[in-house]
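Walk through this model one chain at a time, then look at how the chains meet. Keep the sequence and the coordinates open side by side.

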Amino acid sequence: MSKGLALHWRLIPQRYNLVGTECLKCGRKFFPTRQLCPECRRAGDIKEVKFSGEGEIYSYTIIHTPPEGFDFMKPYALGIIKLVEGPLVTAQLVDCKPEDLEIGKRVELVFRKIIADGSSGIIRYGYKFKLKD
Amino acid sequence: MSRKVAIIGIGMTKFGELWNKRYRDLITEAGADAIKDAGIEGEDIQGLYIGSMSPGLFAGQEHIGALVADYSGLSGIPATRIEAACASGGLALREAYLTIKSGAMDIVVAGGVEKMTDVTTSSATIALMGAGDQEWEAFKGVTFPSLYALMARRHMAEYGTTIEQISQVAVKSHHNASLNPHAQFPFKVTSEQVMNSAIIADPLRLLHCSPITDGAAAVVLASEEKAKRLVDDPIWIIGSSSATDTIALHDRKSLSRMDSTIIASKKAYKETKIKPEDIDFAEVHDCFSIAEILAIEGLSFCKLGDGGKITENGETEIDGRIPINPSGGLKGKGHPVGATGIAQAVEATLQLRGKAGKRQIKDSENALIHNVGGSGATTVIHILKRG
């Protein structure tokens, strides 16, 4: 099913620049953005915050059976990254060998192409992570 | 809310790649079997709840309530589709239960159905990923096996769980499935076969993953008064609970336990005054082998972190301390996602009636069934008791 451009366009700040939110009342930070703090709910005070893109590997896997559209890059590494500011994000791990990956290793954000909608469709970009050391 | 609710009829199709059967054929067949088993007539049925995860993507069909009522010859009665990813069936059962419990109706059918093999594997993978977070997981190339692989990796790191222990879950499921004529894979596998099967999402391999399956299941529920009048062996639903967690795995408090299961099971144990050690067997949601380990820990059949060990020790086998998935589970029996929660109720009822054939668990009185949606964002639990 073909989809509209706005679906991707409205997420550009988050996907290109790792812009999330924080609740000024309780200090919790969120990525992706949330309109409501799950702790303070309507009493919370939500503001945008840009994350540094620094973090460490919390868990990882190597995907050998990808979904449609990701076939050309298989196998690829996927991780859950714990950002230094606290939130966890899911992202591909690139420029590394599977045997180099380990829980706790430091990583940093890189800006990459994620997937293209066919040969003439939208090219979607976003963050991936690479090993820092 | 004091009325008791019983399962008085059960039905299910063979699970597998059923190329000659349509979506509507599957659920009609399971429903007709359940109604026949209950010894009632179509006119007795006051309402339908159908669990189905993604018929729109798998079969291009929505508006499932009306479709199922129509092809069951029941047009006119209210019929509602319930969706909570792979927990759709369990939640349909819960809605049917609550409808009778509330006094709104006396006889209700809860069904579950999925027709998954009409699309390619990669399209099915995309449909199933709808159970996760489209914007922040699927967009990154995440698959469902990879989410459970991320959990497995944490469980192994935090508790020292081994791939051999995780593989033993699949070995046991296949052994049980070999005793179940409805199972998609009624054959045994060895630990070596599991650990040498194709890698799907490291450390999980093909034989750690439940399959893509067509199938349907249905149960007839009745109020105490009707149940006692209609059948000799009602199986009582004495507890029903459900809990949610964050949609994305990365927002969970922990990846090495399933909090929705812990919350729902505590509620169910409290409501029924039944303790984990009073449960004689359980059908749990082993969509991936690591999921069974998370399930049995979350249900307090062992301490957090000990799920691999008790599996390795044989405690979860049919003749073990706490038999898990005598049906073969999602791994061996098959996993037509919307049907799974209802198929668990079918197995538990068969066992409690003492009619489970070669896989019969001796002298069981209390059973627990556990159905999970997505990577754990929904858990639905029911506790069943023999008359």
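In chain A, residues 24 or more positions apart account for 47% of the contacts with a separation of 6 or more. Two residues are in contact if their C-beta atoms, placed from the backbone, lie within 7 Å. This is a predicted model: local features need pLDDT of at least 70, side-chain atom pairs count only at pLDDT 80 or more, and totals for chains, interfaces and linings use all residues. Residues are numbered from 1 along each chain as its sequence is written, while chains are lettered from A and ligands numbered from 1 in the order in which they are written.

Stay with chain A. It has 2 helices and 8 strands, in the order α-α-β-β-β-β-β-β-β-β along the sequence. Helices (H or I, at least four residues) and strands (E, at least two) are DSSP runs, numbered from the N terminus. The C-alpha atoms of chain A fill a box of roughly 45 × 40 × 20 Å along the principal axes. Of its 133 residues, 32% are buried (20 or more other C-beta atoms within 10 Å of a residue's own, with C-beta atoms placed from the backbone).

Now chain B. Here there are 14 helices and 11 strands. Buried residues make up 65% of its 387 residues. Among contacts between residues at least 6 apart in sequence, 77% join residues at least 24 apart in chain B. The C-alpha trace of chain B spans about 55 × 45 × 35 Å along its principal axes.

Look inside chain B at helix α4 (residues 88–101) and helix α14 (residues 337–353). Their axes come within 5 Å and cross at roughly 55 degrees. Axes are lines fitted to C-alpha atoms, for helices over the stretch in contact, and angles run from 0 to 180 degrees between N-to-C directions. α4(B) and α14(B) are therefore oblique to each other. Among the residues that meet are B:S88 and B:L91 in α4(B), and B:V337 and B:A345 in α14(B).

Where do the chains touch? In total, 28 residues of chain B are in contact with 23 residues of chain A. On the side of chain B, α5 (121–129), α6 (144–159) and β5 (199–202) each give two or more residues. The largest share, 7 residues, comes from α6(B). Strands also join across the boundary: β4 (residues 54–63) of chain A and β5(B) pair in the antiparallel sense over 2 bridges (pairing needs at least two DSSP bridges). In β5(B), B:D202 is the bridge partner of A:I62.

Technical notes:
A residue is buried if 20 or more other C-beta atoms lie within 10 Å of its own, exposed if 12 or fewer, and partly exposed in between; C-beta atoms are placed from the backbone. Angles under 35 degrees count as roughly parallel, over 145 as roughly antiparallel, 65 to 115 as roughly perpendicular and the rest as oblique.
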